Amino acid sequence: MQKVFDDCYAMDRRCYEEFGLTEDILMEHAADGMAQYIRALDGNKKEVLIVAGPGNNGADGITLARLLHSDFEVSLYMPYGAKSDMAKLQLQRLLKLGVKPVENTPLQTDIIVDALFGAGFSKPLNEKGVELIKTLNVMKAKKIACDIPTGIDPNGNPNPVAFKADITITMGSLKKALFADHSKPYIGEIEVVDLGVSRKIYEIDTSTYLLEADDFNPPLRDNPASHKGHYGHLAIICGEKSGAATLSGLAALRFGAGLVTLVGNSIQNIPYSLMQSKNLPTGTNAVAIGMGMGYDLNSDIADSIVKNDLAVLMDADICYIPSVKTLLDRCSKTVITPHPKEFAALLKTVGIADVSVEDIQRDRFGWAKRFCENFPKTVLLLKGANTIIAYNDKIYINPLGSQVLSQAGSGDVLSGLIASLMAQGYSPLDAAINGSLAHTMCARNYKGANFSAIAEDLIEELRWLIK
Ligand SMILES: NC(=O)C1=CN([C@@H]2O[C@H](COP(=O)(O)OP(=O)(O)OC[C@H]3O[C@@H](n4cnc5c(N)ncnc54)[C@H](O)[C@@H]3O)[C@@H](O)[C@H]2O)[C@@H](O)CC1
Ligand SMILES: Nc1ncnc2c1ncn2[C@@H]1O[C@H](COP(=O)(O)OP(=O)(O)O)[C@@H](O)[C@H]1O
Ligand SMILES: [K+]
């Protein structure tokens, strides 16, 4: 797990005030981090175009030009001149080496470093900036963003366009804007550079964390004398489309639930390994509800969930049903897993806000936080390119998913995985984190073409998740 921050200003300030470092020292390290990365690239890449802006992001770029000068053919392009004190100082130093900024971007180059705007990006790019970014984006070169790709605003949205990086070399620590859904196509890989002290010292407390594959805690069985009763009994409520519940059920079983029952009237053709029942079976310790259900929730089942305070995973259609609020208010072990459209419906159903899917996607962290303030007992998993898991004031980001997962049924698999862990006794938060990690790791391990995975393939991958 890595720490993630809104921005680095407080941590930079601490470096100056408590550790006696200067802006100059921090900047030298920032530029050196990029220089080391460029020096380690394949030896044929010699031409480097650095596009430097007027502020300290630009100053990082100018400093990099000094560090690379004479070992590389550096072109430094400064379309807005140097405005910040550090940019002016770094430019003076560079001029003393006899290096002058170029008047135009070259037509081709091996490497482009985007140091136009970084943490200070605060208003839309003007026409000149838009044209420049578009020109850089179509050039064939290795593309490196300094701190954050130019054009990505603090909420992670391109405004209106953004530099499309192969790698973002970010300064000091990770920032939330790198993990918005809208920024994902622009960020590329991410590398963090230390700024004069180790990251362990630089970073302060946070409530946001980035999940990694190493955080995965699988439901391994360590009791040789176990029986199915040790691994929980999950009930999945079926409705209009029983295929969704069946996929969830198979995923839950493959992920270790001892017994999985599909609950509903006359469900056809269910796989032999799943049980079926018209009512909530006695002995159920977790319930999954909403997948393919339609908008009709059996009130006896809802009452029984509330009365017995069962662990409950809620997904999909339940976001549109008013009684979702009762479940969220009254149950103490709940996970809800909407995609952005379902989340918009949920916010409206429970009376928090009437907003569009695009409003949510432009501020996923903000809306997740607002939801959790209203429902402090619930774990929210907001699906997306970078899935967010939010509980109370804590946020966990899972960046490991990919377009392999973009098809109907993969959300049903996710519900089954999380509900399976809830049945096996994981806390709702741990179930959401580990279910989501398993889901994205299955997608990463899938060997076929990235358009070809279906839900059943993800379920198959669970077999090989632990090597
Ligand atoms: N503060 C520090 O100690 C460090 C800062 N570093 C670098 O400094 C960067 C932040 O520098 P700044 O705060 O100077 O900000 P930027 O260099 O990102 O932006 C410079 C200024 O441009 C203006 N601006 C913002 N958006 C604009 C737009 N769309 N069109 C035209 N002008 C616009 C703003 O007034 C802003 O302050 C970081 O991203 C990082 O690269 C690093 O050197 C590490 C240390
Ligand atoms: N481009 C992507 N990158 C990462 N994860 C993705 C991507 N597209 C889809 N997913 C994931 O796939 C799942 C899709 O769920 P959902 O939309 O509910 O599908 P369904 O209900 O049809 O099964 C979510 O977990 C989502 O985060
Ligand atoms: K940048």
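A residue is near a molecule or strand if its C-beta atom, placed from the backbone, lies within 6 Å of it. Of the 17 residues around ligand 2, the nearest are Lys383, Gly401, Leu405, Ser406 and Gly411. This is a predicted model: local features need pLDDT of at least 70, side-chain atom pairs count only at pLDDT 80 or more, and totals for chains, interfaces and linings use all residues. Residues are numbered from 1 along each chain as its sequence is written, while chains are lettered from A and ligands numbered from 1 in the order in which they are written.

**Overall fold**

- The chain holds 16 helices and 18 strands; helices (H or I, at least four residues) and strands (E, at least two) are DSSP runs, numbered from the N terminus.
- The radius of gyration is 25 Å, close to the 23 Å that the globule rule gives for 467 residues, so the chain is as compact as a globular protein of that length. The radius is taken over C-alpha atoms, and the rule is 2.2 Å times the number of residues to the power 0.38.
- Along the principal axes, the C-alpha atoms fill a box of roughly 80 × 45 × 40 Å.
- Buried residues make up 48% of the 467. Buried means 20 or more other C-beta atoms within 10 Å of a residue's own, exposed means 12 or fewer, and partly exposed lies in between, with C-beta atoms placed from the backbone.
- Among contacts with a separation of 6 or more, 71% join residues 24 or more positions apart. A contact needs C-beta atoms, placed from the backbone, within 7 Å.

**Domains**

- Domain 1 covers 2-205 and domain 2 covers 214-464; these bounds come from an automatic or database domain assignment.
- Their centres, taken over C-alpha atoms, are separated by 40 Å.
- Nine residues of domain 1 are in contact with 10 residues of domain 2.
- The side of domain 1 that touches domain 2 has three nonpolar, three polar and three charged residues. Ala, Val, Leu, Ile, Met, Phe, Trp, Tyr, Cys and Pro count as nonpolar, Asp, Glu, Lys and Arg as charged, and the others, Gly among them, as polar.
- UniProt, in an unreviewed entry, places "domain: YjeF C-terminal" at residues 211-467. UniProt positions use the numbering here, feature names are shortened, and annotations may be inferred rather than shown by experiment.
- That span, 211-467, is 37% helix and 15% strand, and its end C-alpha atoms lie 20 Å apart.

**Ligand 1**

- The shell has 28 residues, with Gly55, Asn56, Asn57, Gly118 and Gly120 nearest.
- Helices α2 (23-39) and α3 (56-68) each supply at least two shell residues.
- By class, the shell has 12 nonpolar, 11 polar and five charged residues.

**Ligand 2 and the annotated site**

- Helix α14 (residues 410-423) gives the most to the shell around ligand 2, with four residues.
- This shell divides into five nonpolar, 10 polar and two charged residues.
- The unreviewed UniProt entry marks Lys383, Gly384, Ala385, Asn386, Thr387 and Gly411 as "binding site". They span 29 residues in sequence, yet no two of their C-alpha atoms are more than 14.0 Å apart, so they gather at one spot.
- Lys383 sits in the loop between β16 (378-382) and β17 (387-391). Lys383 is buried, with 24 other C-beta atoms within 10 Å.
- Not counting residues up to four places away in sequence, Lys383 touches Thr337, Pro338, His339 and Gly411.
- Thr387 belongs to strand β17 and is buried, with 27 other C-beta atoms within 10 Å.
- Leaving aside neighbours within four places in sequence, Thr387 contacts Leu381, Leu382, Asn398, Gly401 and Ser436.

Definitions and conventions:
Two residues are in contact if their C-beta atoms, placed from the backbone, lie within 7 Å.
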